[in-house]
Amino acid sequence: MSKTVWHCHIAMSLDGRIARPDGSFDWLEGHPAEEFGIEAFLESVDAILMGRGTYDAVRHMGEWPYPDKAVIVMTGRPLVDAPPGVEARSGDLAAVAVELERRGYAKVWVEGGGQVIRGMVAAGKLDVLE
């Protein structure tokens, strides 16, 4: 089994936050995705790991942007009307990471939020932070 690369590629404001206190990302509006290299990055990943807050924020932005990716959402609540390829997981994040490694994903995007990113760092699973 080859090693999975756990890659966190995120945008944040100068205060180190990703979202405003109300959960909005309006400071990112008006910047094309290609400006951040997100399209090329997304092509390079096999799966996406995210927290429930990130999932909810992405769902409210419009069309689901990851139709061809496996997406694992860490949450204790059911996902109502989740897009195809999206699965809810709960419990120990390190154990979920090991399960994803066993699935053979070469590169997993740790999209956020902060709890998931900190949990992956604590588990020794975050290889790249950019």
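Predicted model: local features only at pLDDT ≥ 70, side-chain atom pairs only at ≥ 80, totals over all residues.

Let me begin with Glu101 and Lys125, which form a salt bridge with their closest N and O atoms 2.8 Å apart, where a salt bridge is a side-chain nitrogen of Lys or Arg within 4 Å of a carboxyl oxygen of Asp or Glu. This pair links distant parts of the chain, with Glu101 in helix H3 and Lys125, 24 residues apart from it, in the loop between helix H4 (114–122) and strand E6 (128–129). Helices (H or I, at least four residues) and strands (E, at least two) are DSSP runs, numbered from the N terminus. Glu101 counts as buried at 15% relative accessibility, and Lys125 is buried as well, at 17%; buried means under 20% relative accessible area, exposed over 50%, and partly exposed in between, with a 1.4 Å probe and protein chains only.

Residues are numbered from 1 along each chain as its sequence is written, and side-chain values use heavy atoms, with hydrogens and water left out.

Turning to the next pair, the side chains of Arg89 and Glu99 meet in a salt bridge at 2.3 Å, N to O. Here too distant parts of the chain are linked, since Arg89 lies in strand E4 (residues 86–89) and Glu99 in helix H3 (residues 93–102), 10 residues apart. Both residues count as partly exposed, Arg89 at 23% relative accessibility and Glu99 at 26%. They also belong to a network of salt bridges that links Glu87, Arg89, Glu99 and Arg103.

What separates Arg52 and Asp56 in helix H2? These two residues, whose closest N and O atoms are 3.0 Å apart in a salt bridge, are 4 residues apart in helix H2 (residues 52–59), and therefore separated by about one helical turn. Arg52 is buried, with a relative accessible area of 14%, while Asp56, at 23%, counts as partly exposed.

To place these pairs in the whole, the count of salt bridges comes to 6, in a protein chain with 4 helices and 6 strands. From the N terminus on, the elements run β-α-β-α-β-β-α-β-α-β, and of the 130 residues, 35% count as buried.
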